[in-house]
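Hi everyone, thanks for coming. Today I'd like to walk you through a single protein chain, so please have a look at the screen.

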Amino acid sequence: MNIQNLKKNIKTNEISMVATDLDGTLLLQNKHISKRTYATLKKANENGVHIVIATGRSFSALPESIFKIDGVRYVVTSNGANVIDLKNNEVIYKNCIDAVQIPKIIDFLQKRPYILEVFTSGKAYMSKSDYDRFKTRTIDFRPIEYVLHTRIPVDNIFEFTQKNCSSIENININFDSLSDKPKTYEELLKFDNITVTTSFDFNLEIGGNTTSKGDALNFLTQMLGLTSKNVLSIGDNPNDSSMLGFSEIAVAVENAHEDVIKLADHITSSNDEDGVAKAVEKFVLS
């Protein structure tokens with residue numbers, strides 16, 4: 001499809017940063033990046049534009065393909081809990097869940113039979129019992145090989161979380177049944193000083209009080225002497241909403257969640273149809 005201009009006219013020559021989500025946005029369904037997208041991002045970087053990856057993944061779960069994008073220096077991980085400078089592999093910004101909230105979250109989740117993933121220090125952990133369910137292929141709502149290659153099993157996920165309470169980036173709740181998600185979401189909204197978002201149909205993600213991709217981009221733009229007016233962002237799921245709301249040009253891929261479509265200024269083609277490349281070509285390189 002052609003890019004649709006929905007809400008506003010933009011001075012595209014002011015764009016100095018492109019921030020893009022990974023899964024469902026930059027990455028194809030096969031989790032690779034197309035040749036056209038590689039070439040387009042390279043050209044944008046050569047024109048002085050910062051290319052920023054902004055993902056819900058932990059750092060250890062980043063695909064090798066993004067490190068092959070010429071000019072990518074900054075990566076936002078765990079929905080904004082970390083900003084990493086790839087030049088030195090240094091975490092330059094952290095915004096984790098308040099340690100005071102961790103026992104309350106644990107108490108809530110211990111009473112429920114959900115599959116949990118806990119992100120800390122750039123890695124993702126889950127209970128060994130849940131990990132083994134993926135190994136035996138009894139889970140059908142997540143890409144099994146992705147989980148097995150990116151999650152580290154621990155004996156007791158709750159004890160592990162409490163032990164690392166001062167550095168919990170994100171707690172990912174996975175649901176076997178979609179019917180459990182709305183009620184859990186409403187209950188979590190009653191908690192103080194956390195954020196709750198989602199990146200696919202069968203999950204909810206708990207972050208810190210101000211943790212978001214938008215908050216991380218705010219830090220990064222200030223550090224680089226830019227403002228939100230210099231940013232184009234592209235996403236597909238509700239965990240991208242703060243990033244799109246922060247940016248001067250908010251682009252949704254055609255396959256985006258309906259709430260993201262409503263929020264976007266513009267709609268580009270799907271992730272499998274070079275949507276990111278087409279948006280950058282139109283708004284940055286034209």
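The C-alpha centres of domain 1 and domain 2 are 24 Å apart. The domain assignment, which is automatic or from a database, gives 17-95 + 212-285 as domain 1 and 99-207 as domain 2. This is a predicted model, where local features need pLDDT of at least 70, side-chain atom pairs count only at pLDDT 80 or more, and totals for chains, interfaces and linings use all residues. Residues are numbered from 1 along each chain as its sequence is written, and side-chain values use heavy atoms, with hydrogens and water left out.

How do the domains meet? In contact (heavy atoms within 4.5 Å) are 14 residues of domain 1 and 14 residues of domain 2. Together they bury about 1100 Å², 50% of it on carbon and sulfur atoms; buried area is the accessible area (1.4 Å probe) lost on putting two parts together, summed over both.

Finally, picture a 1 Å grid over the protein atoms alone: a cavity is a set of points where a 1.4 Å probe fits but cannot get out, and lining residues have an atom within 4 Å of a point. The largest cavity has residues including I105, F158 and T161 in its lining.

Technical notes: On a 1 Å grid over the protein atoms alone, a cavity is a set of points where a 1.4 Å probe fits but cannot get out, and a pocket is an open set with protein on both sides within 12 Å along at least five of seven lines; lining residues have an atom within 4 Å of a point.
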